[in-house]
Amino acid sequence: GKTLLINSGYKQAATFALLPLFQKFGINQLDLAIATDPQSEVSEGWQTILASSIGVQQFRDVGAGVASKDYTKMTQLLSAKGVNQSALDLNTPIAFGDRVQLQLMHQSPGILRIQTAKTTWLLLADADPKVQRALLEITSLSPNLKADILWWNGGEIVPELLEAIKPTTAIASTLSLTDTDVDAFNKANIRLYWTGRDGAIVWTLANDIQPFKDKDDSRSFM
């Protein structure tokens, strides 16, 4: 009965994907909104949502680095609307409803862990291979990277990090993936989806992941 939005995407995605989805399912309020990359230039997506009739109860970010101009403008809009804003505390789990727990594991790049009763997600913000290998050297972080589902922006994932996460499913928010990347996931026996090929990806009530276009009943996803 609650709605959580993690990242807004570009203005086009917010306008032609998110807002129509909210309208279709009668969602007029975001109970919690989270931004994992304040440096990103995609904050126009948030501005598009704020300019609509969708209300936002709470807004959280990773609280790291210098925010982009678009992101700063977006936070000013949030303030004007009286939205509760704060940064996520590192390594401090927060509850969303009674079935979901969120935890910021690293600030820059942002790594967000989403835990439900049956599934663990790991959301990895943009990170180049050198940064990924550096993450694995953090003794307090590396043992806690394991997750059922890896969700990232489609950039290169180094084999060492993939081995640490050990996902059964991976979702890339990107138009395309290289053949090398696809082969790496196939060899590791990881189910791989990306939005440029599969469109919207849904998490079903049966705790499965699949393309939205393959769903017979659009009401049966989370």
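1. The protein chain carries 20 positive and 23 negative side chains, and the centres of the two sets lie 5 Å apart. Lys and Arg are counted as positive and Asp and Glu as negative, leaving out His and the chain ends; each charge is placed at NZ of Lys, CZ of Arg, CG of Asp or CD of Glu.

2. The model is predicted: local features need pLDDT of at least 70 and side-chain atom pairs pLDDT 80 or more, while totals for chains, interfaces and linings use all residues. Residues are numbered from 1 along each chain as its sequence is written, and side-chain values use heavy atoms, without hydrogens and water.

3. The protein chain has 7 helices and 15 strands, taken as DSSP runs (helices H or I, at least four residues; strands E, at least two) numbered from the N terminus. Its C-alpha atoms fill a box of roughly 45 × 45 × 35 Å along the principal axes.

4. Of the 222 residues in the protein chain, 43% are buried, meaning under 20% relative accessible area with a 1.4 Å probe, protein chains only.

5. Threonine 119 sits in the loop between β9 (111-115) and β10 (120-124). Threonine 119 counts as buried because its relative accessibility is 4%.

6. The side chains of threonine 119 and asparagine 207 are joined by a polar contact of 2.7 Å (a pair of N or O atoms within 3.5 Å; within protein, one must be able to donate a hydrogen and the other to accept it, and residues adjacent in sequence count only if both atoms are side-chain atoms). Beyond its neighbours within four places in sequence, threonine 119 is in contact with Ile114, Asp148, Ile149, Trp203 and Asn207, contact being heavy atoms within 4.5 Å.

How values were computed: Buried < 20%, exposed > 50% of the residue type's maximum accessible area, 1.4 Å probe, protein only.
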